[in-house]
Structures are given as structure tokens and as C-alpha cells.
Amino acid sequence: MKTLILNGSPRADHGNTQLFIDHFQSGLTQPLLIRYVLRENPTTLALEMNDYDTILLVMPLYIHAMPGIVMKLFEAMNPHPTNHKKFGFIVQAGFIESSTARYLENYLSSLARRLNYTYLGTVIKGDAAACSILPHFFFGKLFKQLKALGSEFEKNGSFDPVIVKNLGNPVHLSKFQVWLLESRFIKQLNQIGWNWILKRNGCFENRFDRPYL
Ligand SMILES: Cc1cc2nc3c(=O)[nH]c(=O)nc-3n(C[C@H](O)[C@H](O)[C@H](O)COP(=O)(O)O)c2cc1C
């Protein structure tokens, strides 16, 4: 089985998507080729994807959907003449609850079928925005799950349903979680975190800019 991993993140190899791919790959005995949608011509990449039996597209959730570079790639794809090819997706997101990626999941399952691929499913993991910011020990459990996902994928050519279910939890926030997230303390903590990121990127002073006005 010839499998290609596509990294669909606009941050290419220095974002959270890459971390997901690295930990998925750590469960494999043979590392898979990775290509970065950002660095490719969509038409050429869409053609070259035909050389693979299975495509695994790993990407971040952007505005409840896919990044624009991934959309461009989809638009360059044509239905495959045979139905022997497989397409699977791993979507990681900032919001905690996986239900926020369900619209995208529905889109991806229809897309795969319209392109004549067998749909392998969409793995969704929320609460992943800080993966590449915080020390890695905060994400030890997630990284183990991704390794196991990779290992099972190599053995069976599919996503393990139990791991997928665990990664997708919580699907919805509980009333308590909503209350906690709306509390002053968490909001202030969040603000400190965002301000730190803004300062680190040299744009703290411009945080209230409205360039389109
Ligand atoms: C432009 C933009 C839009 C985003 N939209 C969403 C969103 O709608 N829902 C969500 O849960 N996370 C959203 N996020 C958070 C990303 O999904 C999250 O930070 C992800 O880990 C980024 O992966 P990357 O480092 O590979 O880009 C957004 C991030 C950016 C930069």
C-alpha cells in the first residue's frame, strides 16, 4: 500500500499539524512521505496524488472549515477513474469540543466519495492550539494516542475506531465546562496567554488595528 501524507497547514512544518504528523509517524515502522500543500502547485500535486493508493490529509480547522490552500487543492482534483483509492483525514483544532469540526467532516466524506475515493473517515482532535507552544509533557496522552493511531493504521490500513472516539472527546462541552470557560479567571488567564503570543510576534501594539476600515 503506497501512502502519502499531506500536511495541509499554512504553517507547514512548524505548526501543530506537523506535530500531529510526527507523532502519528512515530507509531510506524516505515516512515511515510510527507508533502506540504503550502509549497506545492495544486494542479501538479493533485495529479501526483494519483500515484498513491492512500492519501492521509492532516490539517488544522480554520473558521470551521479547511485552510484556503487545502480548498485550492480540492478544486484542482478530478474524480479518480477507479474506485480503488482511499482518502483519510486528520483535523486538529483550537476549540475543545470536536463538534465544531462536524461541518468539515460532512464535507470531507462527501468530497471523498465524489472524487471516487473510499472514505477512511475523519479523525478530529480539539484543544490542540497550544501543542507547539506549551512544553510537550502537557500533551503526553495525545502524543501516545497519535502514535497508537499510526501503528494501527500501518497494521490495518484504517483508523482505529476506539482511538478515534477517544480523540474526539468531548464532542460537546458540559454545562460546567461552559461555566468555567466563561468565568473571569479563565478569561483573564486566556488574555495573558494571547498577549504573550502577540508580544512574542511583535504585534502587541497593533492588536486593535482595523486595517479594512
Ligand atoms: C485563521 C485561523 C482560523 C482558525 N479557526 C478555528 C476554528 O474555526 N475552530 C477551531 O477550533 N480552531 C480554529 N483555529 C485554531 C487552529 O485550528 C489551531 O490553532 C491549530 O492547532 C493550528 O494548526 P497549525 O499550527 O498547523 O496551523 C484557527 C486558527 C487560525 C490561525
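1. The lining of the second largest pocket comprises eight nonpolar residues, four polar and no charged. In this classification Ala, Val, Leu, Ile, Met, Phe, Trp, Tyr, Cys and Pro are nonpolar, Asp, Glu, Lys and Arg are charged, and the others, Gly among them, are polar. The residues concerned are Thr-43, Ala-46, Leu-47, Met-49, Asn-50, Ala-76, Met-77, Asn-78, Pro-79, His-80, Pro-81 and Tyr-117. Helix H2 (residues 42-48) gives the largest share, three residues, and the space amounts to about 160 Å³.

2. The model is predicted: local features need pLDDT of at least 70 and side-chain atom pairs count only at pLDDT 80 or more, whereas totals for chains, interfaces and linings use all residues. Residues are numbered from 1 along each chain as its sequence is written, and side-chain values use heavy atoms, with hydrogens and water left out.

3. The terms are as follows. On a 1 Å grid over the protein atoms alone, a cavity is a set of points where a 1.4 Å probe fits but cannot get out; a pocket is an open set with protein on both sides within 12 Å along at least five of seven lines; lining residues have an atom within 4 Å of a point. Points are joined across faces, edges and corners, and a volume is the space filled by probe spheres set on them. Helices (H or I, at least four residues) and strands (E, at least two) are DSSP runs, numbered from the N terminus.

4. The largest pocket holds about 1700 Å³ of space. Its lining has 50 residues, with Gly-94, Asp-127, Ala-128, Ala-129 and Ala-130 nearest the centre. Two or more lining residues come from each of helices H1 (16-25), H5 (140-156), H6 (161-167), H7 (175-182) and H8 (184-200). H8 provides the largest share, nine residues. By class, 25 lining residues are nonpolar, 18 polar and seven charged.

5. An automatic or database assignment gives the domain bounds: domain 1 spans 3-171 and domain 2 spans 183-213. Their centres, taken over C-alpha atoms, are 29 Å apart. Each domain contributes at least three residues to the lining of the largest pocket.

6. How many cavities of 30 Å³ or more does the structure hold? There is one, and the largest cavity has a volume of about 50 Å³. Ile-5, Phe-20, Ile-21, Phe-24, Leu-56, Val-58, Ile-90 and Leu-146 line this cavity. H1 and strand E3 (54-60) each give two or more of these residues, and the share of H1, three residues, is the largest. The lining has eight nonpolar residues, no polar and no charged.
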